[in-house]
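Colleague: I would like to learn how to read side-chain contacts in a model. Could you walk me through the aromatic pairs and the salt bridges?

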Amino acid sequence: MSLERSATFLILEALLVYIITICLAPIRTYIVNKFSSQNVAVNEAAVIIGIAAIIIFTIITYYLILHFRNYLKSKKAKETVEANLDLLLHDIEDFVKKWRVTRFLRPSYRREIQRKSMGVSRFMVRNHANAIRSSIKSVKVLVNPNVRLFTSLDEIVKTMIDLSLDIEQVFESVASVKQTSDSKFSEMVSIGDNICIKFRSIVPELEELKAKIP
């Protein structure tokens, strides 16, 4: 319901309150006459108008309350969708950063693989994938999904899971690292780079989707 229509109903409500106030005395007298032996003269037209005003006031009030409740629910739903999209974007950006960016005490996942020294970080790619998959599910429930977009995201997450299994298998022990060919390390780096490229192309679509939330 538009703001103008809501304002019109509120003005009408105020007018009805005024009419009800004027007609309260005749209505009260009418009720007393009905439930007692008194027979005081009463303006029946005022009674009818007053009762009609009360009924109309009640209907409009109920309608406005219902509209306001729906407005609050839709606003909450919008905020929930935005929060879930923000979380999905954060999870994607977090993986891309940790895959690519080497900090002083923490090498990037990419760098660790190249150096053949991926220790406890070998589990992190799957953790990122699971976090992103969980975020995708939350967004799918609340947004009319862009099938192509979410299909692409699901495929990227599946690739991340497969990559994490490869990483865990290769870095299971020193012996398994030594037995793995250099081409396998290059392949894992290439797959991870490709995942990051795909994520970077999808982020603008997610931001566009966020801007279209009603």
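What follows is a talk about ring pairs and then about charged pairs in this predicted model.

Colleague: Let's begin with the rings. What describes a pair of aromatic rings?

Modeller: A pair of aromatic rings is described by how far apart the centres are and by the angle of the planes. Here, a search of the whole structure gives 4 aromatic pairs. Take Phe 95 and Trp 99: their ring centres are 6.0 Å apart and their planes meet at 35 degrees, so this pair is tilted.

Colleague: Where do Phe 95 and Trp 99 sit in the chain?

Modeller: Both belong to helix H2 (residues 44-100), and being 4 residues apart they are separated by about one helical turn.

Colleague: Which pair is edge-to-face?

Modeller: Look at Phe 171 and Phe 185. Their centres lie 5.9 Å apart with the planes at 70 degrees, and planes over 60 degrees apart count as edge-to-face, so that is the name for this pair. Phe 171 is in the loop between helix H5 (147-170) and helix H6 (174-179), while Phe 185 is in helix H7 (residues 182-211), 14 residues apart. Both Phe 171 and Phe 185 are buried.

Colleague: Which residues form an aromatic cluster?

Modeller: Phe 95, Trp 99, Tyr 109 and Phe 199 make up one cluster. Tyr 109 also has a charged neighbour: Arg 106 lies over the face of its ring, 6.0 Å from the ring centre.

Colleague: Now the charges. How many salt bridges does the search find?

Modeller: It finds 8 salt bridges across the whole structure. In one of them, the side chains of Arg 110 and Asp 193 meet at 2.9 Å, N to O. Arg 110 lies in helix H3 (residues 109-114) and Asp 193 in helix H7, so the pair ties together parts 83 residues apart in sequence.

Colleague: How accessible are Arg 110 and Asp 193?

Modeller: Arg 110 is partly exposed at 25% relative accessible area. Asp 193 has 15%, and because buried means under 20%, Asp 193 counts as buried.

Colleague: What does Lys 116 meet in a salt bridge?

Modeller: Its partner is Asp 182, at 2.5 Å, N to O. Lys 116 is in the loop between H3 and helix H4 (124-142) and Asp 182 is in helix H7, so parts 66 residues apart in sequence are tied together.

Technical notes: Residues are numbered from 1 along each chain as its sequence is written. This is a predicted model: local features need pLDDT of at least 70, side-chain atom pairs count only at pLDDT 80 or more; totals for chains, interfaces and linings use all residues. Side-chain values use heavy atoms; hydrogens and water are left out. Rings of Phe, Tyr and Trp (its six-membered ring) pair if their centres lie within 6.5 Å; planes under 30 degrees apart count as stacked, over 60 as edge-to-face and the rest as tilted. Helices (H or I, at least four residues) and strands (E, at least two) are DSSP runs, numbered from the N terminus. Buried means under 20% relative accessible area, exposed over 50%, partly exposed in between (1.4 Å probe, protein chains only). A charge sits over a ring if NZ of Lys or CZ of Arg is within 6 Å of the ring centre and within 35 degrees of the ring normal. A salt bridge is a side-chain nitrogen of Lys or Arg within 4 Å of a carboxyl oxygen of Asp or Glu.
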